[in-house]
Amino acid sequence: MIIISTNKELSLLLDIGLTNLNNDSERENIRKRLSNEIKEIGANRDIFIKIMNGQAVAMIQIIYKNADNDPDLANGVDVAHIHDLEVRKDLHGHGIGKQCVQDLETFAIGKSVRVLTLGVDSTNTKAMKLYHNLGYKIFKEEEGRVPEEKLYLMKKVLDKN
Ligand SMILES: CC(C)(COP(=O)(O)OP(=O)(O)OC[C@H]1O[C@@H](n2cnc3c(N)ncnc32)[C@H](O)[C@@H]1OP(=O)(O)O)[C@@H](O)C(=O)NCCC(=O)NCCS
């Protein structure tokens, strides 16, 4: 995976993220969010793009200190947070999402991170299964975006071997 460092790669991120979106206002929102997140690279987060056969196929982020103002999610020392894993829609189901999380875990261990956390909507069964199979366990539940949905916060203690 490559770590992105400048605004130039915003278009690559958008290429991946926008495959999952439909209308112009959603596109504008994701463009604004990613532009702001890019500004935190090196300070509070790193953003990775997975390239396969010369094409950007997925992205994933790691946040080090400030994730939703919750110190259980990232503490700036040894607990960090996985954010915004997205695989191009036309390439779902080929093991790319799983590979991204595993690559990020290896990177995190190199940064002396001991615990990785993440948030997933209770209705996102694909993502829940992916994280569960990789050893992530629910440690907290919060209200979701709609009443029938919850936000599950999951964590995994990383194995250094
Ligand atoms: C969730 C997402 C990242 C998964 O990426 P992916 O590359 O399609 O997933 P993978 O092919 O690596 O599959 C990994 C595991 O996910 C689960 N999974 C993948 N596709 C699935 C499907 N159609 N149904 C059920 N489980 C599925 C399986 O457990 C699978 O492991 P297995 O192949 O050993 O059974 C991808 O669907 C995505 O980008 N979704 C939109 C954004 C999103 O929801 N991100 C997660 C935010 S928390």
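Which element gives the largest share of the shell around the ligand? That would be helix 4, with five residues. Keep in mind that what you're looking at is a predicted model. Here's a quick tour, starting with the chain as a whole and ending with one lysine in a loop.

**The chain overall**
- The protein chain has four helices and seven strands.
- The chain runs to 161 residues, and 27% of them count as buried.
- Take the contacts with a separation of 6 or more: 54% of them are between residues 24 or more positions apart.

**Around the ligand**
- The ligand has 18 residues around it, and the closest are His-92, Gly-97, Lys-98, Lys-129 and Leu-130.
- Strand 4 (79-87), helix 3 (96-110) and helix 4 (125-133) are the elements that each supply two or more residues to this shell.
- By type, the shell splits into eight polar, six nonpolar and four charged residues.

**A look at Lys-111**
- You'll find Lys-111 in the loop that links helix 3 to strand 5 (115-121).
- Lys-111 and Val-77 sit 34 residues apart in sequence, while their C-alpha atoms are 9.5 Å apart in space.

Key:
Residues numbered from 1 in each chain as written. Predicted model: local features only at pLDDT ≥ 70, side-chain atom pairs only at ≥ 80, totals over all residues. Near = placed C-beta within 6 Å. Nonpolar A, V, L, I, M, F, W, Y, C, P; charged D, E, K, R; others polar. Buried ≥ 20, exposed ≤ 12 C-beta atoms within 10 Å, placed from the backbone. Contact = placed C-beta atoms within 7 Å.
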